[in-house]
Structures are given as structure tokens and as C-alpha cells.
Amino acid sequence: MSDLNKLTISGARDGLRKGDFTSVELTDACLGAIEGANALNAFVHNTPEIAREQAAAADARVSKGDAPAMCGIPLGIKDLFCTKGVPSQAASAILEGFKPEYESTVTQNLWDSGAVMLGKLNMDEFAMGSSNETSTYGNAINPWRREGSNADLTPGGSSGGSASAVAADLCLAATGTDTGGSIRQPAAFTGIVGLKPTYGRVSRWGVVAFASSLDQAGPMTKTVRDAAIMMEAMASHDAKDSTSANIPVPNFEAALTGDIKGKKIGIPAEYHMDGMPAEIEKLWSEGTQMLRDAGAEIVDISLPHTKYALPAYYVIAPAEASSNLARYDGVRYGHRATLSAGDGIDDMYEKTRAEGFGHEVQRRVMVGTYVLSAGFYDAYYNRARRVRALIKKDFDDVFAAGVDAILTPATPSAAFGLGEMNDADPVKMYLNDVFTVTVNLAGLPGISVPTGLNSEGLPLGLQLIGRPWEEGDLLNSAYALENSAGFVAKPNNWW
């Protein structure tokens with residue numbers, strides 16, 4: 001079976017259990033697909049030896065009949081996750097040569113469940129970007145193309161390599177991280193499912209930090225069922241992460257009944273943005289009708305502080321990045337600049353950071369340092385924190401009124417061309433996060449589900465936002481939407 005790499009997690013799990021194929025065969029199919037997909041630049045550190053060793057161990061475990069659902073499943077790992085003995089650069093030149101002596105909690109959980117690591121995936125540098133154009137490895141490329149065009153499109157960011165690899169069937173699923181939409185936006189741009197869990201559901205330990213109060217890891221998969229299976233393996237309480245919630249991890253797959261009769265789905269008035277493309281409005285309207293037809297009650301809701309979300313996010317996230325990235329100084333690990341005679345330690349810091357950080361990271365570090373400075377802390381950072389509390393209260397009030405989930409667009413457009421967003425105006429790029437940042441600011445779970453194609457044949461996604469800690473219920477609503485939409489389109493293999 002040469003097309004094993006095209007399987008879903010659930011399909012591969014069932015096939016492995018029945019003995020239709022082995023994890024080694026499944027892994028070899030993925031490794032072959034990766035070798036033939038250099039044009040996508042999705043995988044940046046390949047680990048075939050580790051993959052085959054883990055696959056052989058998984059086959060032995062499956063043969064004993066006690067294997068977990070993820071056992072033998074080949075995955076791609078975003079370069080933000082520390083993996084023992086394997087380069088973990090966060091797509092930054094400043095971490096060149098860094099090989100951790102430890103494993104992130106998320107990847108350790110996956111290896112404990114028997115999953116297989118194919119390699120590390122491309123991303124925006126330190127997860128700062130919405131198009132995967134800030135990576136030291138170069139751009140990741142979307143496997144989708146506009147009808148009649150050969151122009152390269154963005155797979156979204158920052159988890160662009162993860163999205164591209166899953167959409168192109170280079171792996172069965174991948175890990176991503178989401179600070180302001182970095183799982184959900186690339187998932188929408190590539191026609192896959194992306195789940196951002198409740199803040200604290202998945203450990204951040206061993207994940208290179210961008211903005212610690214916003215970062216959250218999650219699965220990027222081909223189906224909602226796969227997201228449920230992988231989510232259960234990734235999530236855990238972790239004493240090494242002070243923000244990790246000590247609550248049980250349920251069987252998320254068991255929640256997928258598809259029955260949403262009587263569920264209240266909120267439609268927020270504030271997400272009807274000026275200038276929103278007609279295709280996005282139409283998709284949202286069609287998705288609303290799909291959920292209504294499935295038995296849900298559709299209610300209009302208001303999230304009045306939504307308009308302040310982007311400005312608040314782009315104060316808080318850079319402020320935390322400025323603090324987190326201060327540790328990259330050339331002293332202990334990673335890149336160190338070559339110094340001239342007479343250079344002191346300040347010169348080493350300045351030269352190392354100037355050489356090691358890309359322009360977008362430099363921009364955000366400078367913005368973050370500015371808003372945390374003595375004269376502007378109250379004017380910017382404290383004010384943004386107060387706005388964040390109001391945004392969270394908007395969601396709390398809606399959920400307290402009985403709403404079970406909220407339906408919105410995932411992105412303001414389909415995937416755009418690489419280079420189309422001019423670096424001279426970074427705000428244009430930041431506007432890609434308009435529908436997603438509120439979820440991070442409020443710490444809520446959100447999921448992007450592919451639901452249609454635009455007029456140029458590119459995938460579009462809708463976002464469902466759930467109650468905190470109720471990922472099972474959210475996944476079930478997403479499962480109902482997925483079943484109604486019946487999205488099965490795949491990109492043409494041009495690479």
C-alpha cells in the first residue's frame with residue numbers, strides 16, 4: 001500500500017490493530033512522501049532513524065494488544081518543541097546548533113503513547129508571524145494553489161510547516177502552537193483541522209516561549225476525530241508548568257456523537273467586520289445554517305470589546321516576548337557573534353541579538369520593551385491587561401447566558417500569496433489574527449474546521465469557540481459541522 005501516508009489517525013489506528021500493515025510500513029510511506037516534497041519546505045530537520053526505531057517499537061507494542069490509539073502514528077513536530085538530541089531552533093538563527101538534553105512534556109506524552117517522530121517542522125521565527133515568511137529556514141509553501149496559477153501561497157503562520165505537512169499527507173498529523181491564532185489560521189488556509197485547547201490544558205514545559213500567558217500547544221490533523229484522539233495523548237497535568245491545570249483528561253473521541261440537538265450556538269455581531277469578503281460572509285451564513293439543520297439553536301450574541309482585541313494583543317504579546325527573549329544572549333547556548341578586540345559583554349549581547357534575531361522578532365522585542373518601559377507601562381501594558389479582562393468577561397457573560405459554543409470565521413480571507421503582504425506595513429499582516437486573538441486573550445478553546453472552497457479553489461475554514469475545559473463538547477460541535485460540510489477536497493500534487 002503506497003498511499004498509507006494519506007490515512008487519517010483513526011484509519012491508521014484501525015488498520016494497525018487489524019494487521020493490515022505495520023507502523024514501519026506506514027512510517028516508510030511518510031518518509032518517502034517527505035523526500036519527494038522538498039518544494040514545500042515543510043520539514044526542516046528529518047529524523048528517519050528515530051522514526052524507524054520508534055515504529056518498530058510501536059509494532060511490538062501493537063502485537064501485544066495493549067497499544068494506545070496513537071501507537072505507531074507518524075507525526076511531524078513543530079520546531080518550537082524541544083526534542084532530546086534533535087535540533088530545536090524555533091526557526092531562529094540565534095538557536096542554531098541547539099540540541100536539547102530534555103524532551104518537552106507534550107512530545108514525551110506522545111512518545112509514551114507510541115507515536116513516531118518523522119522530524120521537525122518549519123514555522124515563523126519564535127512563532128512570530130502569520131505567513132511563515134519569518135523563518136531562518138526560508139518560507140514554508142502551501143500545497144494548495146489558486147486555480148490556473150503557479151504562484152506560491154502562504155500556508156499561514158506561525159505553524160505553517162505543520163499545516164503544509166498535514167495537508168500534503170507528509171505525516172498523519174502534527175503538533176502546533178497557538179498564541180494568537182497560529183494553529184487555527186494555518187489550518188484554515190490549508191483545509192485541515194486545528195484545535196487550540198483551553199489555556200492550561202496542555203503543558204507548555206519544553207516549548208520555546210513566545211508570550212507565556214497566551215501560548216498553548218494543540219493538534220493539527222486531517223479530521224475532527226483525529227484531533228480528539230491526538231488531543232487526549234497531548235494533554236496532561238504537569239508539575240513542571242505552573243499554569244498546567246490539575247484536572248482529568250477525558251476521552252475526547254467518546255464525545256463525538258454528532259448530536260448537537262438543543263445546543264445553543266452564538267453568532268457574534270461584532271465579527272461582521274467592515275470590508276469582510278462576501279465569500280467569508282457566505283461561508284459563515286452557510287455554516288450557521290448547517291448547525292441549525294443539525295438541531296442547534298442559533299442565537300445572536302454581543303462581544304462588545306472585540307474591537308479592542310487586536311491592539312491589546314499586540315501590546316501584551318510583544319511585552320511578554322521582550323521578557324522571554326532576553327535569555328538569548330550568546331552566553332550559554334545558540335549563536336554567539338564574533339567579537340572584535342576591545343569588545344565588552346554589552347557588545348557581545350548587541351551583536352549576537354542583532355545577528356541572531358530576524359526583523360519581525362526585532363520589531364516585536366522593541367515594541368514590547370517600549371510598552372514595558374517606565375514612562376509607558378501604565379499607558380500601554382496595564383491598559384491592555386484591563387482590556388483583556390473585559391474581553392474575557394464578554395465571553396463569560398455569553399456562556400453564563402447558556403450559549404454552548406460560538407461560530408465565527410477563522411480568517412478574513414483565503415491563503416494569500418507569499419510576498420503579497422508588504423513588510424513596510426506589518427499591521428496588514430497582524431489583521432490576519434482579527435478572528436482568533438480574542439480566544440487566546442480569554443484562554444478559551446477554539447477549533448478551525450474546513451468547510452468550503454473559495455472562487456479560486458482555495459480552502460476556507462470556520463471557527464468554533466467553546467467553554468473553558470469543555471473541549472469534548474466543542475469537538476462534538478465541530479464534528480457535526482464537519483459532517484454537514486462534507487469537505488473532502490485535497491490539493492493537487494504539484495510538488
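1. Ala127 counts as buried at 3% relative accessibility, where buried means under 20% relative accessible area, exposed over 50% and partly exposed in between, with a 1.4 Å probe and protein chains only. Ala127 lies in the loop between β3 and α5, and has a positive phi of about 70° although it is not a glycine. The model is a predicted one, in which local features need pLDDT of at least 70 and side-chain atom pairs count only at pLDDT 80 or more, while totals for chains, interfaces and linings use all residues. Residues are numbered from 1 along each chain as its sequence is written, and side-chain values use heavy atoms, with hydrogens and water left out.

2. Asn41 is another non-glycine residue with a positive phi, here near 50°. Asn41 sits in the loop between α2 (23–35) and β1 (43–46), and at 22% relative accessibility this residue counts as partly exposed. The helices and strands named in these notes are DSSP runs numbered from the N terminus, helices being H or I of at least four residues and strands E of at least two.

3. The peptide bond that joins Gly157 and Ser158 is cis, with omega about 5°. Ser158 is found in the loop between β3 and α5 (160–167), which is also the loop that holds Ala127.

4. Helix α4 (residues 105–112) has 6 of its 8 residues buried, so this helix is largely enclosed by the rest of the structure. The buried residues are Thr105, Val106, Thr107, Asn109, Leu110 and Trp111, and they pack against α3 (48–63), β2 (74–78), β3 (116–121), β4 (173–178), β6 (216–221) and α7 (224–234), a contact being heavy atoms within 4.5 Å. After α4 comes Gly114, with a positive phi near 95°.

5. How many aromatic pairs does the structure hold? There are 14, counting rings of Phe, Tyr and Trp (its six-membered ring) whose centres lie within 6.5 Å, with planes under 30 degrees apart taken as stacked, over 60 as edge-to-face and the rest as tilted. Tyr328 and Tyr333 form an edge-to-face pair, 6.2 Å centre to centre with 80° between the planes; Tyr328 is buried at 6% relative accessibility, whereas Tyr333 is partly exposed at 31%. The rings of Tyr370 and Phe376 have centres 4.4 Å apart and planes at 25°, so this pair is stacked, and Tyr370 is partly exposed at 41%, as is Phe376 at 31%. Ring pairs also link Phe98, Phe126, Tyr328, Tyr333 and Phe357 into a cluster.

6. Asn246, in the loop between α7 and β7 (264–268), is exposed, with a relative accessible area of 61%. The C-alpha atoms of Asn246 and Gly275 are separated by 43 Å, although the two residues are 29 apart along the chain.

7. For the chain as a whole, the secondary structure comes to 15 helices and 11 strands. The radius of gyration is 21 Å, close to the 23 Å that the globule rule gives for 495 residues, so the chain is as compact as a globular protein of that length; the radius is taken over C-alpha atoms, and the rule is 2.2 Å times the number of residues to the power 0.38. Buried residues make up 60% of the 495, and among contacts between residues at least 6 apart in sequence, 77% join residues at least 24 apart.
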